[in-house]
Amino acid sequence: MKVLATIIVCICLSLSGSAQGFFNQNGAMVKRAIQQIALLGTYIRQAKQGYSIIDKGLKSIHHIKNGEFNLHDLYYTSLKTVNPNIKDFSKVDAAMAAALTVSQSSTRAIRLVNSSRWLSPGEKEYLRAVFTKLMDETDRELQTLTDLVTSGKMQLTDDERLRRIDTCYQSLTDKSAFCQQFSAGIKELVSGRSNEADGTAGMDRFYNLKN
């Protein structure tokens with residue numbers, strides 16, 4: 001608007017020097033000047049509208065970009081959020097129970113191995129190594145399972161999360177079954193050697209008495 005006012009003043013000053021001419025020509029030049037001023041004002045308004053449209057357009061693009069980023073951010077955040085139904089998934093509880101079984105059975109088996117006099121030092125070392133490795137692998141699987149059902153740990157869709165949980169479930173239940181069978185085998189071995197030793201001792205006593 002300052003530009004428009006300046007132009008009007010300049011035109012008026014230029015017109016004042018020849019005012020007589022304007023009146024002699026029935027004000028034709030004044031009319032043309034007024035028309036030019038009106039056209040100039042229209043141009044300035046159009047220009048301002050154009051700048052306003054551009055400014056709004058740039059702001060819209062900015063908001064759209066931010067909105068798209070926020071949508072992406074929201075999507076990835078949602079992938080880290082665990083569906084409550086998944087936490088209640090039956091295989092989660094079963095997998096955790098299997099991990100607990102491995103820990104308890106391995107602890108008892110190692111205690112038996114360490115205390116048994118029917119196993120050689122080499123056998124004890126081997127058996128302890130087996131159970132130690134089994135418990136380490138179980139701990140890693142259990143940590144993975146825990147991360148899978150804890151919000152903010154893994155970016156996964158529900159389907160991906162369920163597949164990973166199913167993998168942990170299969171692995172931990174297999175380890176639990178192996179641990180129990182292996183522990184039972186050790187007990188049977190120790191018991192068999194103990195019974196064999198008792199039988200031999202009994203035969204020795206029998207023959208000693210007989211002689």
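**Figure 1. Contacts and overall make-up of the predicted protein chain.** In this predicted model, 75% of the contacts between residues at least 6 apart in sequence join residues at least 24 apart; contact means heavy atoms within 4.5 Å. The secondary structure of the protein chain consists of seven helices and zero strands, giving the pattern α-α-α-α-α-α-α along the sequence. Helices (H or I, at least four residues) and strands (E, at least two) are DSSP runs, numbered from the N terminus. Of the 211 residues in the protein chain, 22% are buried. A residue is called buried under 20% relative accessible area, exposed over 50%, and partly exposed in between, with a 1.4 Å probe and protein chains only. The accessible surface of the protein chain is about 14,800 Å², and 58% of this surface belongs to carbon and sulfur atoms. Such areas come from the Shrake-Rupley method with a 1.4 Å probe, and for residues only the protein chains shown count as cover. Residues are numbered from 1 along each chain as its sequence is written, and side-chain values use heavy atoms, with hydrogens and water left out. As the model is predicted, local features need pLDDT of at least 70 and side-chain atom pairs count only at pLDDT 80 or more, whereas totals for chains, interfaces and linings use all residues.

**Figure 2. Confidence along the protein chain.** The predictor's confidence in each residue is given by pLDDT, from 0 to 100. The protein chain has a mean pLDDT of 74, and 55% of its residues reach 70 or more. Where pLDDT is low, the predicted coordinates should not be read in detail.

**Figure 3. Helix H5 and its buried residues.** The end C-alpha atoms of H5 are 38 Å apart, in agreement with the 38 Å that its 26 residues should span at 1.5 Å a residue. The expected span of a helix is 1.5 Å times one less than its number of residues. Buried residues of H5 include Val92, Ala95, Ala98, Ala99 and Val102. Another residue of H5 is Ser106, which counts as buried because its relative accessibility is 0%. Leaving aside neighbours within four places in sequence, Ser106 is in contact with Phe131, Leu134, Met135 and Cys179. An α-helix has 3.6 residues a turn, so residues three or four places apart point the same way.

Figure 4. H6 (residues 121-148) has 28 residues and reaches 41 Å from its first C-alpha to its last, close to the expected 40 Å. Among the buried residues of H6 are Lys124, Leu127, Phe131, Leu134 and Asp147. Asp136 is also found in H6, but Asp136 is partly exposed, with a relative accessible area of 39%. The C-alpha atoms of Asp136 and Ser103 are separated by 9.7 Å, although these residues are 33 residues apart along the chain.

**Figure 5. Two nonpolar cores.** A nonpolar core is a set of buried Ala, Val, Leu, Ile, Met, Phe, Trp, Tyr and Cys residues joined through side-chain atoms within 4.5 Å. The largest has 14 residues, of which Leu145, Leu148, Ile165 and Leu172 touch the most other members. Helix H5 (90-115), H6 and helix H7 (158-210) are the elements that give two or more residues to this core, and H5 gives the most, with four. A second, separate core has eleven residues, including Val113, Leu119, Leu127 and Phe131.

**Figure 6. Surroundings of Leu148 and Arg164.** Leaving aside neighbours within four places in sequence, the contacts of Leu148 include Val82, Met154, Ile165 and Cys168. Arg164 lies in helix H7 and is partly exposed, at 36% relative accessibility. With the neighbours within four places again left aside, Arg164 is in contact with Thr144, Leu148, Met154 and Leu156. From C-alpha to C-alpha, Arg164 and Thr144 are 8.8 Å apart. Thr167, also found in H7, is exposed at 51% relative accessibility.

Figure 7. Cys168 is buried, with a relative accessible area of 3%, and Cys179 is buried with 0%. The structure holds zero disulfides, a disulfide being a pair of cysteine sulfur atoms within 2.5 Å.
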